[in-house]
Amino acid sequence: MGFSDPNGPMIYKGIYHLFYQYNPKGAEWGNIVWAHSTSTDLVNWTPHIPAIVPSQEYDANGCWSGSATILPGYKPAVLYTGINTQNQQVQNLAVPKNLSDPYLTEWVKSPLNPLMEPTATNMIDPGSFRDPTTAWLGPDGGWRVSIGSQSNRTGMAILYRSKDFVNWTKAERPLYSANDTGMWECPDFFPVSALVPVGLDTSINGPDVKHVLKVSLSDSLNDYYTIGTYNSAMDTYAPVEGSVDSNLGLRYDYGKFYASKTFFDSKNNRRILWAWIKESSNADDDIKKGWSGVQAIPRTLWLDKSGKRLMQWPILEIEKLRTNQVDLPNKLIEGGTILEVSGITAAQADVEVSFEVKELEKAEMLDPTWTNPQTLCSQKGASIKGSVGPFGLLVMASKGLQEYTAVFFRIFKGQNKYVVLMCSDQSRSSIGNSYDKTTYGAFLDVDPLHEKLSLRTLIDHSIVESFGGGGKSCITARVYPVLAVEDGTHLHVFNNGADSVGVPKLSAWSMKKANIN
Ligand code: DQQ
């Protein structure tokens, strides 16, 4: 079975709903329907029958991505992209059949569909018009929704307005656009508090509110975001100074993490991020295995105090799966050391570690041309000795270390500050295949002179999700070891730099299996 984009996440009557792009007929992408699962804790999930499947002229060739909005009167509604019989992309509405069923298992499509479509006059490219956001209310009491598009490689988030959620009119200007960024898939547009680390409902705006516009760039299959100001009277969005709106901008995650979408969890006042993690294996092997694609562990997301970036952290509920805690006493790890952390199921684990660097004098100089962290991480992988670093974790490691995935830091002396590089190195993750083993990298905005460098890594067999600096930079990797499987998997902390590093704290847990089927 093929799993991809998260769709329409929401909470309704205390039940979390996640829909997702799903191919019921095979492991690859195709025959797309909205599959549906519900949960009371975001950890254990119950599958239901697919909620939206092709049935009409306007969605005969696929029910593609979209979002949920809770309408006044506590009525959920879903806007999704239908691929019509002419293979044009159009936007449709579906609503629950029975609002008293908290599982919302049955959905009915609006008799007025399609509600938004490319026409001869609106200049919308019928092949580039998809993935409606959650809608929000403007100061005039009317709805707004944004839809991903492009025109001659100018990526854009088209804006529509409606008074009744059924009759939609295209606004003259898009909410935002950027030259030469290609198709914007799955836009997400939401407010964040500039004062407190809590989530906000999607229609909130005000002086202490910033907005986030996330776009999934189909050119690179990465999710980028800007932080900006939304003028709701004019319906204009402007990134704040320094927030870059291209593929040089900020990413939620510097590994595999695409087509993401957030929702406001009104029960816990937080905004939660979902994303699709693709395979790194090839299509033939996915077909052999019978499935492809997983959802990332949901993350709580908020604006960092600096206002410069978002912070992300695995939802607290995931800690319910922790068992069997192992702690390492405060240690100094000398250069060239690999230390095993034993006593946990290393193939399914949660690890929190922090590193302390006392001496930075000898840190390697950062060449000003080294601006691409991914390139830098691939040139300076875990096996390349440095001065301060590489140090970090070897996860999904086989007994003799023929296989391992290294998640680590390396510190450089920059022009007027120290620069921390965070890497996830997959080059040794598997000896058995020639899958995509790209080494991922991100810069981590932490001052190593005054702050500890923290790393949390969630390991689940083929998925390694890492959070640096408390969630300032995140990297998700897919790995397919052949030796480091189940009980043959080990966890180590390592330092391959010349200088020693302190490890004031390391806790690791075995993780229980969640119920998902
Ligand atoms: N996946 C969906 C589209 C979306 C893309 C189709 C992003 O709606 O643009 O399955 O992965």
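How many residues of domain 1 are in contact with domain 2, and how many residues of domain 2 are in contact with domain 1? In this predicted model, 28 residues of domain 1 touch 23 residues of domain 2. The area buried between domain 1 and domain 2 comes to about 2,200 Å².

**Domains**
- The domain assignment of the protein places domain 1 at residues 2-314 and domain 2 at residues 321-511.
- Taken over C-alpha atoms, the centres of domain 1 and domain 2 are separated by 32 Å.

**Buried area**
- Carbon and sulfur atoms give 54% of the area buried between domain 1 and domain 2.
- Of the area that domain 1 buries against domain 2, 29% is supplied by Tyr-254, Ser-280 and Trp-313, more than by any other three residues.

**Salt bridges and polar contacts**
- Five salt bridges are counted between domain 1 and domain 2.
- Arg-309 and Asp-445 form a salt bridge through their side chains, with 2.1 Å from N to O.

**The side of domain 1 that touches domain 2**
- Helix H1 (283-289) and strand E24 (310-314) are the elements that give two or more residues to this side of domain 1.
- Strand E24 gives the most, with five residues.
- By residue class, this side of domain 1 consists of 13 nonpolar, five polar and ten charged residues.

Notes. Residues numbered from 1 in each chain as written. Predicted model: local features only at pLDDT ≥ 70, side-chain atom pairs only at ≥ 80, totals over all residues. Heavy atoms only, no water. Domains from an automatic or database assignment. Contact = heavy atoms within 4.5 Å. Buried area = accessible area lost by both parts, 1.4 Å probe. Salt bridge = Lys/Arg side-chain N within 4 Å of Asp/Glu carboxyl O. Helix = DSSP H or I, 4+ residues; strand = E, 2+ residues; numbered from the N terminus. Nonpolar A, V, L, I, M, F, W, Y, C, P; charged D, E, K, R; others polar.
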